[in-house]
Structure formats: structure tokens, C-alpha cells
Amino acid sequence: MLAATSNPLRFIRALPTALAGACALVTPVVAQEDGSDGVQPGLHGGASYTGDFRRNTTGGLSVGDAYSDSVDVGLEWTTTGLFSAASMTTSLSVMHLSGPGITAKRVGDAQGISNIEADEGWYLYESWVEFGFGAHSYSLRAGVLDLSSEFDTPVTSALFTQSSFGIGPDLSQTGTRGPSIWPTTGLGLRAVGAAGEHVHWRVGAYDAAPGTDDGAFTSVRMSSRDGALLIGEVEYSNERIHKLSLGSWAYTARFERVDADLTGAPPARGNDGFYALLDLNLGSAGRTDFDGALRAGTASGRFNAFDRYVGAAVTASHLWTSRPGDAVGLGIAYAHTGAPYRAAMTFQGQPATAAETSLELAYHAELTDWLTLLPLVQYVRNPGMDRSLDDAWIAGLRFEISREKAWPLSARRDVKPDGTYARTDEQVLTK
């Protein structure tokens, strides 16, 4: 396992060298000179550093500051030369996380104030192979996968940094160590297809207990006792509707009830739930565009703290002609606690509130093509559903430094005996 460090400057200086070294290890493969189907053959790489400063100004666990950061490096190779109307993509991405999180150190909320807060160390984020078929409307992906990169993904609410505006807490709270999502991912298999121009479907099966208890770099161990997490989603989109989706998920293993100490009930199956998302353009006022999103989800209250969740967001973009990438938004996340959880907490002498509610007001400013700033204000009512904690107000600033590079494939021309060029099926990396 690689050694961990909390010095962000060391990683920033090392990123170009690390990325160049990784690229040098990749050997070009045979590919057709296609690209008309939208697949761009070649090698793609990216690296980013995200810094996140938060200050809890009142309430929660304690008043004070917290700083978290994330270094991400990834490579992706695509070729269309395997056989007719098919493509293959391989991807590898790793990350290093560090810094005491604002939730754990200052606020004590359950939903997660910052979506880059995690235990310090190196993580294998994703490592997979994907095959695309039928003009790439259908694909099959296998390897170490992040479920939330394809299922229950946000559009409008992706502006915000609170974790519930990504994958909903009704799903992210589940499992032995959580589902296979950032930062702890595991083995998985997923298939994607289309039913017409506007409708897509996806199904997947994932390790129900990804990662390890000791925070190892990665784990590919699976057992029948842990079982699998099965999930499916149908999505519709058109010119106005960014995304209208309905999903369902279920674990195959037995789980202990949250109120087992009170009821004595044995472990049982039935850890499942549903979610739905409507994300669309709300209209325009002059040059400013308004978008809105509404997400709702359910989970079994017998096995999880939250049994219902509702989140909503509104954003305004294209505020100024000179800054088309800037946007401002307001989001609210409401997570309701189930009756079994509240009964268990009362039994333990720590009565819980009926819900935890978070609000976030954020401004997304694209200063350059490689630097983004995100100043924000957050409010948490009933943090951690703990009646002893006062409501919290948090101020923060996130910045992201990112660079991407593509090495596309171009057709190689061989010289014929008559001096003319012949185009071949083999392609080479262009500089």
C-alpha cells in the first residue's frame, strides 16, 4: 500500500510527472479510423486537486475550522478496432484524501456537509473494462465500479457540495460499509441500453460489502454471506427535461434490524428501496437560465436510520455574457428517520429527532479553464438527529485545480509501390 501524506503541495508538484509516467506505460492497440458514432479512439488523462475549507460558526459539535482535500488522477483508453460496430474502453483512477472533515470534527451531521470528506489515505477509485455494441447504445462494464457514477446521478444539483445532492442518503446509508460508491468502491457488473431516442435503461450488480475495515487501498474479496446489491434504473430525457428517472435497489443478504437490541428480532432480508428524480429547465429571464430538480427516495426503516428522503434544488446560470460558466443555486435536503431507529435511540437513552434538514447556497465561479471557486453557506437543522446539538451555520470555500489531456488516434497511411498512399485499419497515437 502506498504511504499517505497530508501535504497537498507535494501532490500538486507530483501530478504532471505521475501522469506522464502513467501515459508512458500505455501501449497503443489496433483500432479502426471510425469516430462517426461519437466514440473518440485514443488515450485520455486527467488530474485534479480539490481543496475544501469550512468553518462552523455556531451550533453542532464545536465552533471552528476544518480543511479537507482530494487528489485525483485518471487514465482512460478507448479503441474501436475489436470488431464491427463495437468499442472497448479501459479506465483506471486513483485518489488520495486527507484532512479532518467538517462533519466529523465540527458539525456532527448525518448526511455529510462535504462530499469529499472521508478517512485519510490512498484509494483505488475505479478500474474497469467496458464493451460498447450497436453504435454504442448498449454497453457492458465490469471491474471496480462506483455505483453512483451511473445510478442516481444528479444534473442540476451537482452544483452543490453537500453529499445528499449527489446520491441520495436513502441509498448511500445502506450496507455493511455503504454501497459501492465514492470513496470505497468494489467489484461490480453493469449493463446499459436504449429503448428509442429518449429512453435509456441500466442494471447492475455490486459487491454488497466493498472495501475493508482497516481502510486498505482496495479489496476485491467477495463472499456469499455478504451477498450483492442489485439495482436498476430507467431514464427519460428530451430538450427540456434533463433527466426523469426511476430506480429500484435491493440487497440479497440478511441484515440486522436497527432496533434488534429492543425487539430481539433476528437478521432478515428486505433491505431495499426506490428513488425518483425530475430535473428540468424551468425557463429563462433574459439571458439567464433557470433549472430545477426534485428527488425523492425510500429505504426500509427496519435496517436503516433514514426511511424517506426529499431533496430539491434551483439554479441560475449564464448570469453574465462575459462569464457563461458561472452559476448560483439553492438546495434543500430533508432526511426523515424511521420509527424503528427512533425507538432504538430512545431505548438507548438518546432520543432522536424526526429528521435532519440541510440547506446550501452556493456560487460556482469558473475563473479559468483550470481553476474553479465555490464559495458557499450551509445550514443544518437537528445535526445528527441529536436533540442535544444546536442547529449549525457553516461558511465555506472550495477550489478545484484540474487539467485534462487527450491523445487521439489518427489513421496511418502506408506508401504503395506506385508512390500513392494507402489508408490502413491500424491507427497510432498522435502527439
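Helices (H or I, at least four residues) and strands (E, at least two) are DSSP runs, numbered from the N terminus. The structure is a predicted model, in which local features need pLDDT of at least 70, side-chain atom pairs count only at pLDDT 80 or more, and totals for chains, interfaces and linings use all residues. Residues are numbered from 1 along each chain as its sequence is written, and side-chain values use heavy atoms, with hydrogens and water left out.

**Nonpolar surface patch**

- Phe-133, Tyr-138, Leu-140, Leu-189, Trp-201, Val-203 and Val-234 form a nonpolar surface patch of about 580 Å².
- Such a patch joins nonpolar side chains (Val, Leu, Ile, Met, Phe, Trp, Tyr) within 5 Å, from residues with over 30% relative accessible area and no salt bridge.
- At least two residues of the nonpolar patch come from each of β5 (138-145) and β7 (199-207).
- Val-203 belongs to strand β7 and counts as partly exposed because its relative accessibility is 41%; the term covers values between buried (under 20% relative accessible area) and exposed (over 50%), with a 1.4 Å probe and protein chains only.

**Backbone features in loops**

- Trp-182 and Pro-183 are joined by a cis peptide bond, with omega about 0 degrees.
- Pro-183 is located in the loop between α3 (169-172) and β6 (186-194).
- His-318, although not a glycine, has a positive phi of about 55 degrees.
- The loop between β12 (306-317) and β13 (327-337) contains His-318, which is partly exposed because its relative accessibility is 33%.
- Asn-382, a residue other than glycine, has a positive phi near 60 degrees.
- Asn-382 sits in the loop between β15 (371-381) and β16 (392-415), and its relative accessible area of 21% makes Asn-382 partly exposed.

Note on methods: Patch = residues over 30% accessible without salt bridge, like charges linked within 9 Å, V, L, I, M, F, W, Y side chains within 5 Å. Areas by Shrake-Rupley, 256 points an atom, 1.4 Å probe, with all protein chains shown as cover. Salt bridge = Lys/Arg side-chain N within 4 Å of Asp/Glu carboxyl O.
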